[in-house]
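Subject: Structure handover

Hello,

Here is the structure you are taking over. Please keep it open while you read the notes below it.

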Amino acid sequence: MLSRSVSPFTLIVGAGLLLTWETLLAQKPAVPPAGASIDFARDIQPIFQKNCYECHDARKSRAQLRLDVRAAAMKGGEDGPVIIPGNSEHSLLVRRLLGLDGDDRMPKDGDPLPAGQIALIRAWIDAGAPWPEQAAGPSAGGASEEPQHWAYRRPKHPPLPDVRDQAWVRAPIDRFVLARLEKEGLRPSREAPLETLVRRVFLDLIGLPPSPREVDDVLADAARDGQDAAYGRLVDRLLSSPHYGERWARPWLDLARYADSNGFEKDNPRVMWKYRDWVIDALNRDMPFDQFTIEQIAGDMLPDPTNDQRVATGFHRNAMTNEEGGSDPEEALYEVLVDRVNTTATVWLGTTLGCAQCHNHKYDPFTQKDYYRMMAFFANSAYDVRTFGDGTRFFEGQIDLPTPDQETKRTTIQKEVDRLTETLNTQTPELDAAQAEWEATMRQEPAAAWTVLTPERVTANGGVVLTPQPDGSVIASGLNPAETVYTMEASAPLPGLTAIRLEALPDPSLPKGGPGRDVYGNFQLNGFEIDASGPVAFKSIKADDTSGGANLETFFPKTLPRGARAPQGWRIDASRDDRRLPRQIVFTLREPLTVAAGAPLRIRLTHQAPAVAQGLGRFRLSVTSSREPQRVVELPARFRPILSIPAADRTDQQRKDLSAFFRSVAVPLKPARDRIAERQKELKALGIPTALVMKERVSYERPSAYVHRRGSFLDKTDKVYAGVPQVLHPLGDDQLANRLGLARWLVDERNPLTARVAVNRAWEQFFGRGLVETSEDFGTQGTAPSHPELLDWLATELMRGGWHIKALHKSIVTSAVYRQSSSASATLVERDPYNRLLARGPRFRMDAETIRDAVLAASGLLSDRIGGPSVFPPQPEGIWDIPYSSEKWVASEGSDRYRRGLYVFIPGALHRAACAHEHAAPGAHDAERRSVLRRGEGARGPCAARAPRRRREIRVPSRRDACAPRRRARADRRVLLETTRALPQGPGRRRARDPGLCH
């Protein structure tokens, strides 16, 4: 038995021996497999691209050596030729890869190449280093040059290969797969039992398991007419099912980064379900993929667009939207544009164009200008900028989608609202007189109805010094801690107190003039207490200005939002004041405080800022016995200075502003205001759905954008105009440089990527991994296709067949490749653990939504309703605790609890946090993450891929453990097994042969 303790010396020697043995293996003359030939583009170029091009291509030719162009590579660099065709032993390239001759082992800043890759390079050199000109390397030139990477060359329709086992072939797809298997000396697996195929194709085409009766019906059909006929009819029925669109909408919505709220800090809800329903309907109608693309990118720009075509543009309204207080609307818009460029490139082109936001792409032939030329297509969108108390934000297009009956009712209601609104907006002589009287009252209200409390004793903790002033106010000085309590003691000046008023006053001694003590003069008051021989409760709280609201809930919440340390209280952002204004807030008592005049009062003002110290700088307290104490804060703080200006001296804007506000509170107009409010409630009750859509700004200039140095929003450089990457085909002569032109360019038959990417994503859904494993990256750092001829055949067939996705799906599920058993011998698993050669049927983890839907379907609870607003199945408390928002997760009732996972409400911020785990790069789309998980990177065996962790709700237990994919996979399996065990196993129920969570 080996000792558990191994000395460092032993480890070092062992590692050295291992490295030496690997080097010796790589030095052996390489012998390619029998009957195999070395293909430069397939076998050698990917090694160069991943390991050599960073230092030895057109952008950085260290030692004057380039390996991306044949002529330059054969010429060599400073040390002479590096490749000697036919003689790998003396080729400098091989010797440097092995670290011989006392030189550094290449790649210098990376891990040594595996022995197998070095042996492959040796075999290629010994074979004469065949290097076709069309596979020279990444293009350094423009569109006139032939792109060198396989993905950037237009696919050609390959002939069907010859195969020996003709009887196995059911479809053209099979010939490509079988030819590869025969070349590798392998045979395909037997066909799976029909009941297994039924379950498999149900899950793949509609995302639901078959019922026992449905399985029995297919078996009976097969006994009567034969298995092929029965299976074919089943496939046709499933392709016609309305659940087909639901199943295939799931991966598309992942790519579209679909969410029902805006994400970021506030994560306010938004209405996106109309877009989701459009996707389901388009897939059910088998809308050609080119039209599917055009309508989502630029449906609003089509001639006389329909509402459905406008709704389709919601694809690019799914981007997260920053509504954080103080955010810069221009910067927020820039981030949205970045998202749209990156998403478009990933979804349709399968490229990492986002790497060119800050600099030229290091591996693929995309420049930084290419990136911003693409951004220019989206930079002409129409939007409004609106100002709120906490800052300015931008808003893009939205449309209403009423039914005919809703439209009739809305028209009737809106006519009355418009008539009453016109009345409210009309200033009459009678209103002028009433306003003059109201202004006089408002000027006198603070002095007439309120009595200032005289500070008898003021204290504060945390090193704050409070100094009373002659006018009854108190100024804070000294230290400015994040947490402090001001305590003021005074005598009640009158009996029967109904409210207490707190004024926040500016002062020259404060930062920026106050009224707060932070560097901008802002403050945050988190708590307010009155003690008059016992605590006093409040009935209501109202302020004449606030950032984020000031009421009973902000001061005395029943529960604090998750992560909050203190109530929100009353916050003021004075940084936008032209001149610093006083603010005031009134705390109305639940019951009048019946104390004798002179009775002691103690008031505590609590500050608990989370980061920046934001104490009050100057304040004053006063009390009243008025029955309408909140009248003093009826007029917003920004309008109060106008009252001190004689009416004749006011500007037109000041007169308009003050009159407009007066009409909103004038007693004679109250019936009209009440009627408008009533009718607006009726209008809201109609439930007219809306949709977020794209809208182009009217302009006669070519859309443009600025290149941003290192991607920085603030650092603009050259102005560029809308255009496509130069390495790809140009815009057509009939395509304008706008979003519609871009959409048509994406599905142009000259585009080498779109069709390939589309068929590869479909293949990935059926087989667990794509023909190109990195479905999100067809570039030089992605994986080469396992079956390049099949990929091109599928892509060209898709375009030839009118871009019909259902035809593509049918060709796959009816093929012999798809119908193979997923069982595999130990020898086959060892030879091809991830089924790249497709010698057996698909077997992989179901995605999370399918698991949930399968459990609900098996239990008989699943609702089969198609479309409609998002639902809220039961979730643990606090699943959606949002700072600065009162939104809560309120569980749906009835059958809505059991809708498919597709319809579960998706908080934008929550799903992105839940998907930030170790299996994908930050910022990757959920679909990319799922494809990585589905491929089973690092798993043990073909079925060990961990269950993908989707952004949607997948099970009843808590989503708080979303960052633990292993625990979640086990829990998902346990939930499924426990649920299915509890279900009655009726007669005729058959168990599919593929394992419970495997596909």
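A salt bridge here is a side-chain nitrogen of Lys or Arg within 4 Å of a carboxyl oxygen of Asp or Glu. By that rule, a network of salt bridges links D471, R501, E503, D507, R618 and R620. In the whole structure, the search finds 58 salt bridges.

Before the details, some ground rules. This is a predicted model, in which local features need pLDDT of at least 70 and side-chain atom pairs count only at pLDDT 80 or more, while totals for chains, interfaces and linings use all residues. Residues are numbered from 1 along each chain as its sequence is written, and side-chain values use heavy atoms, with hydrogens and water left out.

Two more terms are needed. Buried means under 20% relative accessible area, exposed means over 50%, and partly exposed lies in between (1.4 Å probe, protein chains only). Helices (H or I, at least four residues) and strands (E, at least two) are DSSP runs, numbered from the N terminus.

Salt bridges one by one

E191 and R819 form a salt bridge through their side chains, at 3.3 Å from N to O. E191 is in the loop between α6 (172-183) and α7 (194-205), and R819 is in the loop between α25 (805-813) and α26 (826-831), so this pair ties together parts that are 628 residues apart in sequence. E191 is partly exposed at 29% relative accessible area, whereas R819 is buried at 3%.

E330 and K716 also form a salt bridge, with 3.1 Å between the closest N and O atoms. This pair, too, links distant parts of the chain: E330 sits in helix α14 (residues 329-349) and K716 in strand β19 (residues 716-721), 386 residues apart. E330 is partly exposed, with a relative accessibility of 43%, and K716 is partly exposed at 41%.

In the salt bridge of D281 with R285, the closest N and O atoms are 2.7 Å apart. D281 is partly exposed at 36% relative accessible area, and R285 is partly exposed at 47%.

Buried parts

How many of the ten residues of helix α12 (residues 289-298) are buried? Eight of them are, which leaves the helix mostly covered. Among the buried residues are F289, F292 and E295.

R583 belongs to strand β14 (residues 583-593). R583 counts as buried because its relative accessibility is 3%. A polar atom of the R583 side chain lies 3.1 Å from the backbone oxygen of L581.

Regards

Definitions and conventions:
Polar contact = N/O pair within 3.5 Å; in protein donor to acceptor, adjacent residues only side chain to side chain.
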